[in-house]
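Here are my notes for your read-through, point by point. Keep the 3D view open and click along as you go.

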Amino acid sequence: MTKQSEELPPRQRLAPHIWPHVGESRPKSLGAGEVWSVSVVGLVDEETTWTVDELRAMPQVEQTVDIHCVTRWSKPGAHFSGVPLARLLEACRPKSEARYVSFVARSERSHSTSLVLEDALSLGALVTLGYEGEALGEDHGGPVRVVVPGRYFYKSVKWLDRIELLAKDRLGYWEKEHGYHNVADPWREERYIVPEGKGSEVRAALQNKDFTGKHFLSIDASGHEDLSGLRAERAQLRNANFRGVNLENADFNGANLTNARLNGANLRNATFVGADVEGADFTGADLRGANFTGARLFGATFCEQDLSSPALLDRSTAFDDVALERLLSPQQEFVRRATGRAPGD
Ligand SMILES: Nc1nc2c(c(=O)[nH]1)N[C@H]1C(S)=C(S)[C@@H](COP(=O)(O)O)O[C@H]1N2
Ligand SMILES: [Mo]
């Protein structure tokens with residue numbers, strides 16, 4: 001499916017001037033005398049290793065790619081260059097049993113992600129060495145990363161170490177540890193797997209208004225009118241739905257509310273100190289007295305693109321400058337104006 005750059009997948013917002021860093025921030029360093037190389041291993045006739053210099057010496061293909069991060073920001077029209085996955089695989093001759101490809105990073109957690117091999121090829125997965133005409137910087141996965149067009153960006157591994165062809169799928173880090181969807185098509189909004197089980201545990205937590213330290217993916221609390229005083233310190237509540245709920249005085253300090261729906265919620269005097277609220281939706285919420293000090297706000301929204309459905313903010317809503325800097329414009333301007341903070345205040 002080809003889509004035009006002007007159109008964004010569901011619930012994505014533009015991050016036109018910035019390319020944020022997400023996930024791990026650096027590779028594992030090379031040993032003395034080691035050079036960076038990429039290997040193709042597993043179900044191939046000929047396992048092969050290329051140094052980065054050898055990859056650079058191969059014909060380079062340029063690709064314009066729309067980056068879509070699962071935390072709701074998009075950066076259309078990024079120019080990458082490198083060697084198509086297909087070229088490397090041709091040289092290694094995949095066996096007929098090879099159905100999946102796993103990209104493994106040289107990083108602290110040996111980070112990985114996987115795709116159906118056929119999908120990786122048809123999407124045009126690129127073993128990427130260049131960005132906007134320059135060598136790809138280490139901060140964004142250089143010297144060599146994968147870029148998989150048409151998938152949420154967690155399918156694009158930074159600091160590529162090896163490409164493994166497999167007969168059975170092996171879930172990657174975000175997919176296995178955090179419930180991210182294994183296909184990850186942004187046009188179908190495949191952000192999270194549907195969580196199984198835990199229903200009674202979730203109900204008990206809602207009843208006791210106590211989520212402290214709990215891990216629940218994609219819970220739906222939107223039918224609970226009164227969760228005022230909710231305790232959710234350090235809770236992992238990615239993709240939770242708290243739409244329209246009374247959460248006055250709720251404690252979300254240190255919690256993970258990535259992509260949560262908090263639109264229209266009563267969040268008066270709620271605290272999000274040090275919380276991860278990337279991609280969270282606060283449109284139309286009452287945020288008077290709420291505290292976002294030290295919160296991670298990238299991709300969060302406080303009003304619609306056309307400034308409709310504004311959250312209720314005033315001087316009593318606490319933000320620090322570091323947190324504010326991570327808001328996309330026009331969200332940042334909206335929040336600064338509503339809370340009476342001039343840029344650089
Ligand atoms: N090695 C490694 N690759 C990774 C990750 C990671 O944590 N480690 N995070 C993924 C996620 S979730 C995203 S959105 C992109 C972010 O790439 P960037 O930091 O260059 O924006 O890298 C992906 N590749
Ligand atoms: Mo991501």
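1. Which residue has a polar backbone atom 2.9 Å from an oxygen atom of ligand 1? That's Val-22. Before you go further, keep in mind that this is a predicted model.

2. On its own the ligand would expose 530 Å², and the protein buries 99% of that.

3. Next, find the open sheet. Five strands make it up, in the order E3-E2-E11-E6-E7, with mixed pairing. Strand E3 (48-51) and strand E7 (112-116) are the edge strands; each has a single partner, so one side of each has no neighbour in the sheet. On average, neighbouring strands here are turned by 15 degrees against each other, ignoring direction.

4. Strand E6 (residues 100-105) runs antiparallel to strand E11 (residues 160-166), and six bridges link the two. As background, strands in a sheet pair through backbone hydrogen bonds, either parallel or antiparallel.

5. What lies across this sheet's strands E2 (37-42), E3, E6 and E11? Helix H2, residues 85-92, does, and its direction is at about 135 degrees to E3.

6. There's also a hairpin to look at. Strands E4 (residues 61-68) and E5 (residues 73-84) pair antiparallel over seven bridges, and Val-65 has Ala-78 in E5 as its bridge partner. Four residues sit between the two strands, and Arg-72 in that turn has a positive phi of about 80 degrees.

7. Finally, two backbone details I'd flag. Most residues other than glycine have a negative phi, and most peptide bonds are trans. Glu-189 has a positive phi, near 50 degrees, and you'll find this residue in the loop between helix H4 (173-178) and helix H5 (199-208). The peptide bond joining Gly-142 and Pro-143 is cis, with omega about 10 degrees. Look for Pro-143 in the loop between strand E9 (134-135) and strand E10 (145-147).

Conventions. Residues numbered from 1 in each chain as written. Chains lettered and ligands numbered in written order. Predicted model: local features only at pLDDT ≥ 70, side-chain atom pairs only at ≥ 80, totals over all residues. Heavy atoms only, no water. Polar contact = N/O pair within 3.5 Å; in protein donor to acceptor, adjacent residues only side chain to side chain. Areas by Shrake-Rupley, 256 points an atom, 1.4 Å probe, with all protein chains shown as cover. Pairing = 2+ DSSP bridges. Axes fitted to C-alpha atoms, helices over the stretch in contact; angles between N-to-C directions. Contact = heavy atoms within 4.5 Å.
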